[in-house]
Amino acid sequence: MASGALPPGFPAVEIDGEFYWDGGMVSNTPLYEVLSERPGCDTLVFQVDLWSARGTLPRDLADVAERSKEIQYSSRTRLVTEFMRRTQEQRRLLHDVMALVPEDRRDHPVYRHAEASAAEALTNVIHLIYRNKPHEGHFKDYEFSAASMRSHWQSGLDDMRHTLARPQWLAAPDPEHPFVAHDVHRGDAG
């Protein structure tokens, strides 16, 4: 129930005496958890974001509230994605530097400690960002009518078709750039 409790449309949900709102209030996607769980594994991630940082200039207070929400949620997603990119690049660099240490020095405690943080894993994030429809308003985060859901599903299906039309995006990244992110709407990797 708490995962659907989004203010102001739905109140916080009480669980064992504590009140909770949707986890998206703190982090809209679980990318950090996914990549931190097994940092040494090559990973292909499909990250779905229902909020876009790109949008039109607000015309009234309702538009300001909507843009504020979009920026709040999408900026957190981008912050975590960028943090994970830097973390993966640092783990890869540490792995490569450690390969330069002579075998007879690898039993040193500092080497063993660094070994726990090093990783040669490659990460590929396919970032699917929902693009707003002209008929949507500030209530889109809690409007679940059948027509809205069909529209969202169709957008997701269209985005996946465009993504799958670029099979190179699904390939493991180059070890020189161990973390790449692709966005079908921007048509780029970064």
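Predicted model: local features only at pLDDT ≥ 70, side-chain atom pairs only at ≥ 80, totals over all residues.
Helix 2 crosses helix 3 in a left-handed sense.

**Packing of helix 2 and helix 3**
- The axes of helix 2 (residues 61-98) and helix 3 (residues 109-117) approach to within 9 Å, with a crossing angle of roughly 140 degrees.
- Helix 2 contributes Arg91, Leu94 and Met98 to the contact, while helix 3 contributes Tyr111, Ala114, Glu115 and Ser117.
- Sorted by class, the residues of this contact comprise 4 nonpolar, 1 polar and 2 charged.

**Geometry of helix 2**
- Helix 2 consists of 38 residues and spans 55 Å between its first and last C-alpha, close to the 56 Å expected at 1.5 Å a residue.
- Where helix 2 starts, the backbone nitrogen of Ala62 has a side-chain oxygen of Asp60 within 3.2 Å.

**Gln47 in strand 3**
- Gln47 belongs to strand 3 (residues 43-49).
- Beyond its neighbours within four places in sequence, Gln47 is in contact with Thr29, Leu31, Thr77, Thr81, Val125, Ile126, His127 and Leu128.

**Leu6 ahead of strand 1**
- Leu6 lies in the segment that precedes strand 1 (13-15).
- A separation of 9.6 Å lies between the C-alpha atoms of Leu6 and Tyr20, which are 14 residues apart along the chain.

How values were computed
Residues numbered from 1 in each chain as written. Heavy atoms only, no water. Axes fitted to C-alpha atoms, helices over the stretch in contact; angles between N-to-C directions. Helix = DSSP H or I, 4+ residues; strand = E, 2+ residues; numbered from the N terminus. Left-handed = near helix turned anticlockwise from the far one by under 90°. Contact = heavy atoms within 4.5 Å. Nonpolar A, V, L, I, M, F, W, Y, C, P; charged D, E, K, R; others polar. Expected span 1.5 Å × (residues − 1). Polar contact = N/O pair within 3.5 Å; in protein donor to acceptor, adjacent residues only side chain to side chain.
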